[in-house]
Amino acid sequence: MAVNKEVLVQLKDVKKEFVTSRTWNGKPLKVVHAVDRVNLSIYKGETIGVVGESGCGKSTLGRCILRLLNPTAGEVLYKGEAITHYNKEQMRQMRRKMQLIFQDPYASLNPRMTVLELIRAPLDAFGIGSSEERVQKVKEIMELVGMPENMMNRYPHEFSGGQRQRIVIARALVLDPEFVVCDEPVSALDVSVRAQVLNLIQELKKTKDLTYLFISHDLSVVKYVSDRIAVMYLGRVVEVAEKEELYRN
């Protein structure tokens, strides 16, 4: 499927270690290898699912790609450029191209900000457009995620879990990124709402020409959204396969 496609994100021997305890003179005593020498290519326009049991390093891997956590070793390449060596300002500019949809919509939204302020915040941070253009952009993205614009001046606590996750998705996509890490985006939602949000994520991939890294421990969810699947175990990617092949075997 992905043989002729352009590689958007590539991981080369990416490692992330956390020191959990030290000796009296500061030397590492216990080290957790959260991500251990991961090599992976993500092709433009695909959804690659990452599955594995809790604690196997899925979310850490996603955060290392976005440099929300700096890898201990190895390289992350975006369109062939090693972003692992980018400075703060270069990485800030990369944020326009790479975004994250958080797991818990309630925890990731500031309860003191209205929907308009929440979704507009990335546009404000990058100084994109005039004030009127930003509001117009917010209206457009709200319509795209299925939220009526008359809800713009409400606060997060006034919405259901599914609606809050739509706000999180709108905020992640308002900068028109190319690559999105979806970190268990439906695990905090009721079963009845999950299908709606998954369908929305799928539709947005087509309309916005997105590439996804989709993290989940739910195999049925991953099968539904993914083109290829990477299986993680104890910080390592032990298998990468087309979804039909993986589920057939």
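Predicted model: local features only at pLDDT ≥ 70, side-chain atom pairs only at ≥ 80, totals over all residues.
# Notebook: helices, sheet and cores

α3 and α5 are roughly parallel to each other, because the angle between them is about 30 degrees and anything under 35 degrees counts as roughly parallel.

**Helix pairs.** I stayed with α3 and α5 for a moment. Their axes are 7 Å apart, and α3 passes α5 in a right-handed crossing. Which residues meet there? From α3 I listed V115, L118, I119 and P122, and from α5 I listed I167, A170 and R171.

Next I looked up α5 against α6. Here the packing angle is about 20 degrees and the axes are 10 Å apart. That makes α5 and α6 roughly parallel too, because the angle is under 35 degrees. The crossing of α5 over α6 is right-handed. On the α5 side I found G162, Q165, R166, I169 and L173. They meet a set in α6 that includes V193, V197, L200 and L204.

**Cores.** How many residues does the largest nonpolar core have? I got 44, and the ones with the most contacts inside it are I119, M142, I169, L204 and F214. Several elements give two or more residues to this core: α3 (115-126), α4 (131-144), α5 (161-173), β7 (179-183), α6 (191-208), β8 (211-215) and α7 (219-225). There is also a second, separate core of 29 residues, with L40, I42, I83 and M91 among them.

Setting aside neighbours within four places in sequence, I119 touches V138, I141, M142, I167, A170, R171 and V174.

**The open sheet.** I traced six strands in the order β6-β7-β8-β3-β9-β10, and the pairing is mixed. Which strands stand at the edges? They are β6 (98-101) and β10 (236-242); each has a single partner strand, so one side of each has no neighbour in the sheet. On average, neighbouring strands are turned by 20 degrees against each other, ignoring direction.

At the β10 end I checked the pairing with β9 (residues 228-233): the two run antiparallel, joined by six bridges. In that pair R228 stands opposite E242.

Helix α1 (residues 58-65) packs on this sheet, where I saw it touch β3 (47-51), β6, β7, β8 and β9. The direction of α1 makes about 150 degrees with that of β8. Helix α6 lies across β3 and β8, and runs at about 155 degrees to β8.

I looked up T211, which sits in strand β8. Is T211 buried or exposed? T211 is buried, because its relative accessible area is 0% and the limit for buried is under 20%. Leaving out neighbours within four places in sequence, I noted its contacts: L8, I42, Y43, K44, G45, E46, E178, F179 and V180.

Strand β1 (residues 7-22) pairs with β2 (residues 28-43) in the antiparallel sense, over eleven bridges. V19 stands opposite V31 in β2. Five residues lie between the strands of this hairpin, and G26 takes a positive phi near 90 degrees.

β1 also pairs with β4 (residues 73-78), again in the antiparallel sense, over five bridges. I wrote down one partner here: K15 is bridged to A73 in β4.

Key. Residues numbered from 1 in each chain as written. Heavy atoms only, no water. Core = buried A, V, L, I, M, F, W, Y, C linked by side-chain atoms within 4.5 Å. Buried < 20%, exposed > 50% of the residue type's maximum accessible area, 1.4 Å probe, protein only. Helix = DSSP H or I, 4+ residues; strand = E, 2+ residues; numbered from the N terminus. Contact = heavy atoms within 4.5 Å. Pairing = 2+ DSSP bridges. Axes fitted to C-alpha atoms, helices over the stretch in contact; angles between N-to-C directions. Parallel < 35°, antiparallel > 145°, perpendicular 65-115°, else oblique. Left-handed = near helix turned anticlockwise from the far one by under 90°.
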